[in-house]
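Please look at the structure below and read the questions and answers that follow it.

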Amino acid sequence: MQVTETKRARIEKVVDQLSNRLLDISHQIHARPEIGNEEFFASRTLMDLLEDFGFTIERNISSYDTGFIATYAAEKDGPAIAYLAEYDALPGLGHACGHNVIGTTSCAAGIALKQVIDDVGGVVKIYGTPAEEGGVNGSAKAAYVKDGHFNGVDVALMVHPGADSYDTIPTLAVDVFEVEFFGKPAHASENPHDGINALDAMLQFYNGINAYRQQMLDTDRVHGVILEGGQAPNIIPEYTKARFFTRARSRHHLNDLTRRIKAIAEGAALQTGARMQFNFIQNGVDDFFINRQLDAVFRSFAESLGEKFSDDDFGFGATDTGNVSQVVPTIHPHIKIGSSTLIGHTKAFCEAAISTKADEALILSAKALALTGLALLEDETLLNSIKAQHKEVVEQQTFTDWSI
């Protein structure tokens with residue numbers, strides 16, 4: 001992949017000059033892990049960095065207190081290149097998914113691209129996106145998409161740390177919801193006939209899901225836990241609550257799967273006389289629309305910087321970056337930060353996220369992301385081809401409108 005060599009040199013130089021500060025920020029965020037929607041230190045630290053380099057900051061995006069959009073627009077018109085910054089940690093595990101690396105890398109790439117964008121024209125944006133790991137009101141990127149914050153963006157770019165380096169892989173669509181049953185308490189021995197057992201309703205619901213598994217696709221996933229199951233064995237339980245995930249290969253199929261699970265809950269309520277309440281607790285996460293051409297651009301620059309990629313199949317996870325990919329050409333490749341046996345969401349991964357290898361990956365990824373942005377700014381034909389491929393992928397999708 002070709003870019004103007006003098007501009008490439010400027011991009012690589014600014015990342016190298018900033019490397020000590022960048023690594024310090026990554027390590028600071030790692031040392032102060034904050035779960036989704038509580039990332040006040042991380043978001044403030046990254047915004048301070050971007051303000052120092054002349055970005056205009058919008059805060060409180062889509063009512064997320066720790067969300068932000070940083071923008072720099074050249075006087076000369078051109079495409080809008082977006083970088084996605086994540087910075088939330090996992091409960092109890094800290095940065096066991098390496099978001100300290102992701103947030104810092106995306107900000108560094110935006111700063112580096114800004115150094116040359118006045119020469120070529122265009123806009124560079126960094127999206128600070130809270131709560132990628134989910135939880136209550138989690139997956140902020142989905143809300144950003146719904147609210148139109150990616151309107152006018154030409155591509156969205158980010159890199160995730162991993163056990164190996166590889167291109168964007170398919171991800172699952174995910175719904176997260178809670179099911180509550182409301183019954184009527186009574187003495188379990190003296191007058192059980194006067195009660196309505198909310199725990200019976202919950203167990204019917206749980207068993208109903210297990211019975212339905214025979215009809216599920218092999219790629220479907222339904223899993224959950226009972227959070228509240230009653231207070232005492234001699235009282236007919238009047239209230240129970242469970243939290244469940246449904247996962248599927250596509251959003252249109254997931255809507256159907258979630259609708260069916262809700263119907264099982266309704267049936268359990270009908271069987272037992274309990275009242276049921278079904279609530280989504282976070283934004284729905286969509287499957288990833290992969291753009292191989294855009295992946296290839298990033299990979300070419302990463303390889304030119306010395307990275308080696310694997311072509312193995314690494315299975316399926318989920319990310320709200322998938323929501324972005326459905327409206328804008330997007331990449332989500334992984335860069336190696338440790339042993340190939342490294343597993344995400346573990347203590348070992350948390351430790352790897354501040355290792356020498358992770359620091360090296362951060363610097364390399366920031367350069368490769370910035371160079372990818374430069375290539376798209378300089379080559380209109382390439383950008384238009386990537387956008388045409390994205391449009392083709394979108395048009396191939398089948399959507400089902402289910403009311404849940």
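Q: What makes S1 and S2 a pair of strands, and in which sense do they run?
A: Strand S1 (residues 56-61) and S2 are joined by five bridges and run antiparallel; two strands count as paired if DSSP finds at least two bridges between them, where strands (E, at least two residues) are DSSP runs numbered from the N terminus, as are helices (H or I, at least four). Within this pair, Glu58 stands opposite Ile69 in S2, and the hairpin that the two strands form has two residues between them, with Ser62 in the turn at a positive phi of about 50 degrees. This is a predicted model, in which local features need pLDDT of at least 70, side-chain atom pairs count only at pLDDT 80 or more, and totals for chains, interfaces and linings use all residues. Residues are numbered from 1 along each chain as its sequence is written, and side-chain values use heavy atoms, with hydrogens and water left out.

Q: Why is strand S2 called largely enclosed?
A: Buried means under 20% relative accessible area, exposed over 50%, and partly exposed in between (1.4 Å probe, protein chains only). Eight of the ten residues of S2 (residues 64-73) are buried, so this strand is largely enclosed by the rest of the structure.
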